[in-house]
Amino acid sequence: MTLTIGLTGGIASGKSTVSAMMRELGLPVIDADEAARAVVRPGEDAYRQIIAAFGPGILQTNGEIDRAKLGAIVFNDEEERKKLNAIVHPAVRQKMLAEKEALVRSGAKTVVLDIPLLFESGLTSWVDKVLVVYVDDDIQLRRLMERNGFTEEEARARIRAQWPLVEKRKRADAVINNNGTREETRRQLLAILKQWDALEK
Ligand SMILES: CC(C)(COP(=O)(O)OP(=O)(O)OC[C@H]1O[C@@H](n2cnc3c(N)ncnc32)[C@H](O)[C@@H]1O)[C@@H](O)C(=O)NCCC(=O)NCCS
Ligand SMILES: Nc1ncnc2c1ncn2[C@@H]1O[C@H](COP(=O)(O)OP(=O)(O)OP(=O)(O)O)[C@@H](O)[C@H]1O
């Protein structure tokens with residue numbers, strides 16, 4: 001039996017930081033953000049649907065989707081965001097499930113699904129355990145502004161597009177507090193993975 005761990009949190013709470021640590025420990029990670037980028041490449045169905053829905057103005061000159069432009073639209077308008085989600089999410093789910101099935105078939109002891117919108121999209125039934133990477137609001141805002149070069153307003157718009165982290169924390173099987181150093185985060189992660197017997201022997 002494969003143990004499926006859902007890794008989630010909020011934007012810039014530290015999911016990628018934790019998923020990189022999990023990979024280093026040898027765990028296979030399937031990343032929803034990566035899948036969401038793959039399914040909107042030129043030639044894909046979702047790419048065509050996005051152009052039909054948002055117009056060719058959201059393309060870069062090389063034909064790829066201008067993610068900054070599309071982000072500015074969807075993070076400032078819930079209806080537009082729902083429109084994009086309705087196009088991208090089904091394709092992302094299909095891709096992630098196929099990758100997960102392949103890993104289960106190959107006998108993986110543990111599979112990690114890194115899904116920022118695990119709760120918002122109602123996907124908790126996909127996983128056996130939910131691991132939430134938590135940070136305080138002020139640290140989340142600061143790290144997001146620094147990482148993406150966003151203004152405070154831009155960063156807050158993205159944070160508002162997700163459930164509050166405190167709500168996610170309440171529903172978690174385990175929580176990593178990522179307010180501190182990366183080393184402190186690594187220690188918490190190791191303790192949780194040992195408790196869940198998630199690591200290969
Ligand atoms: C709007 C887009 C083009 C912006 O791209 P950009 O490269 O700036 O951001 P990136 O994709 O790396 O996402 C960064 C973070 O934003 C958050 N986020 C992304 N999309 C959404 C969304 N629809 N609702 C809430 N939060 C979101 C997640 O925490 C994600 O980790 C892109 O995020 C997108 O296509 N979103 C729709 C698909 C989606 O929901 N992806 C998230 C996981 S499936
Ligand atoms: N413990 C930490 N100490 C200092 N900086 C950190 C720590 N953890 C993460 N960061 C930094 O905070 C930012 C956000 O972290 P990360 O990219 O891992 O978040 P994320 O949850 O994957 O974000 P997203 O939802 O946007 O994909 C990054 O710039 C990262 O380097």
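Helices here are DSSP runs (H or I) of at least four residues, numbered from the N terminus. With that in hand, α1 (15-24), α6 (137-148) and α9 (182-195) each supply at least two residues of the shell around ligand 2. The model is predicted. Its protein chain is divided into domain 1 (1-28 + 109-201) and domain 2 (38-107). An open sheet of five strands is part of the picture, and two ligands have residue shells described below.

**Ligand 2**

- The shell around ligand 2 counts 16 residues, and the closest are K15, S16, T17, R143 and R147.
- Helix α1 gives the largest share of this shell, three residues.
- By class, the shell around ligand 2 holds eight polar, five charged and three nonpolar residues.

**Ligand 1**

- Around ligand 1 there are 18 residues, of which I11, R67, G71, P116 and A161 come nearest.
- Three helices, α2 (32-38), α4 (67-74) and α5, each supply at least two residues of the shell around ligand 1.
- The largest share, five residues, comes from α5.
- Both domains take part: domain 1 and domain 2 each give at least three residues to the shell around ligand 1.
- Its make-up by class is eleven nonpolar, three polar and four charged residues.

**The sheet**

- The five strands run in the order β2-β3-β1-β4-β5, with parallel pairing.
- β2 (29-31) and β5 (174-177) are the edge strands, and each pairs on one side only.
- On average, neighbouring strands of this sheet are turned by 20° against each other, direction ignored.
- Strand β1 (residues 3-9) pairs with strand β3 (residues 110-114) in the parallel sense, over five bridges.
- Within that pairing, I5 stands opposite V112 in β3.
- Helix α1 packs on the sheet and touches β1, β2, β3, β4 (129-134) and β5.
- The direction of α1 makes about 150° with that of β1.
- Helix α5 also packs on the sheet, touching β2 and β3.
- The direction of α5 makes about 165° with that of β3.

**Helices α3 and α5**

- The axes of helix α3 (residues 45-54) and helix α5 (residues 78-105) come within 10 Å and cross at roughly 175°.
- Angles over 145 degrees count as roughly antiparallel, so α3 is roughly antiparallel to α5.
- From α3, the contact uses D45, A46, Q49, I50 and A53.
- From α5, the partners are K83, I87, V88 and A91.
- By class, this contact has six nonpolar, one polar and two charged residues.

- The centres of domain 1 and domain 2, taken over C-alpha atoms, are separated by 22 Å.
- Each domain puts eight residues into the contact.
- On the side of domain 1 that touches domain 2, β3 and α7 (152-160) each supply at least two residues.
- The residues on that side of domain 1 divide into five nonpolar, two polar and one charged.

Methods
Residues numbered from 1 in each chain as written. Chains lettered and ligands numbered in written order. Predicted model: local features only at pLDDT ≥ 70, side-chain atom pairs only at ≥ 80, totals over all residues. Axes fitted to C-alpha atoms, helices over the stretch in contact; angles between N-to-C directions. Parallel < 35°, antiparallel > 145°, perpendicular 65-115°, else oblique. Contact = placed C-beta atoms within 7 Å. Nonpolar A, V, L, I, M, F, W, Y, C, P; charged D, E, K, R; others polar. Near = placed C-beta within 6 Å. Domains from an automatic or database assignment. Pairing = 2+ DSSP bridges.
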